[in-house]
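Visitor: Hi! Could you walk me through this protein chain?

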Amino acid sequence: DNSALAEVAAIARKVLQTLASSHFEGLLAGNIAAAAEDDGVAAFTAASPAQLRAVCGAAVRLMEQEEMVIMNLQAPVKVFGALHGQLLDLLSHFKWQGVPTMGLEGDLMYTTYLFLGDYSDRGSYSLEVLLVLLCMKLINPQRVVL
């Protein structure tokens with residue numbers, strides 16, 4: 001229904017807005033840089049378990065309608081290999097190469113993001129990586145390929 005879609009869109013926008021902040025405030029509890037230096041794991045605060053389920057459900061419904069073969073991607077394209085749940089590596093890319101948001105500070109309106117797979121498994125932040133990618137897909141499905 002429309003209210004559920006609006007709620008998921010709001011969650012997705014909120015998660016992507018955390019990427020636009022200078023230190024990704026709101027994505028994880030505490031200081032991300034300190035967690036990286038200490039090889040520790042910060043608590044996930046970007047979405048509740050219920051919100052994560054809602055985002056996953058909406059993304060599944062969206063991607064079920066897509067073709068399984070990737071063809072005709074719009075340039076420019078940023079290609080990401082195996083992320084393996086390494087959120088800090090993904091955030092580092094966003095910090096230095098630009099954040100994937102729809103606003104003036106981001107490039108999601110005109111850049112295609114291609115994620116080749118292995119989004120999660122070994123890293124400490126598999127759910128967080130998946131949430132960021134699914135939120136990107138929900139905000140601009142034509143420019144994010146999973």
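Guide: Happy to; we'll go from the overall layout to the sheet and then to one residue. This is a predicted model, where local features need pLDDT of at least 70, side-chain atom pairs count only at pLDDT 80 or more, and totals for chains, interfaces and linings use all residues. Residues are numbered from 1 along each chain as its sequence is written, and side-chain values use heavy atoms, with hydrogens and water left out.

Visitor: How many bridges link S1 and S2?

Guide: Four bridges, joining S1 to S2 (residues 112–115). Across that pairing, Val77 stands opposite Thr112, and Phe80 is opposite Phe115.

Visitor: Which residues of S1 are on its covered face?

Guide: Lys78 and Phe80 are on the covered face of S1 (residues 77–80), while Val77 and Val79 are on the uncovered one. In a regular strand, side chains alternate between the two faces of the sheet.

Visitor: Let's zoom in on Lys78. Is Lys78 buried or exposed?

Guide: Lys78 counts as buried because its relative accessibility is 17%. The cut-offs are under 20% relative accessible area for buried, over 50% for exposed, and partly exposed in between, using a 1.4 Å probe and protein chains only.

Visitor: What does Lys78 touch?

Guide: Leaving aside neighbours within four places in sequence, the contacts of Lys78 include His93, Gln97, Asp107 and Tyr113. Contact means heavy atoms within 4.5 Å. A polar atom of the Lys78 side chain also lies 2.9 Å from the backbone oxygen of Gln97.

Visitor: Back to the whole chain: what share of the residues counts as buried?

Guide: Of the 146 residues, 39% count as buried.

Visitor: And the contacts across the chain?

Guide: Taking contacts between residues at least 6 apart in sequence, 73% join residues at least 24 apart.

Terms used: Helix = DSSP H or I, 4+ residues; strand = E, 2+ residues; numbered from the N terminus. Pairing = 2+ DSSP bridges. Polar contact = N/O pair within 3.5 Å; in protein donor to acceptor, adjacent residues only side chain to side chain.
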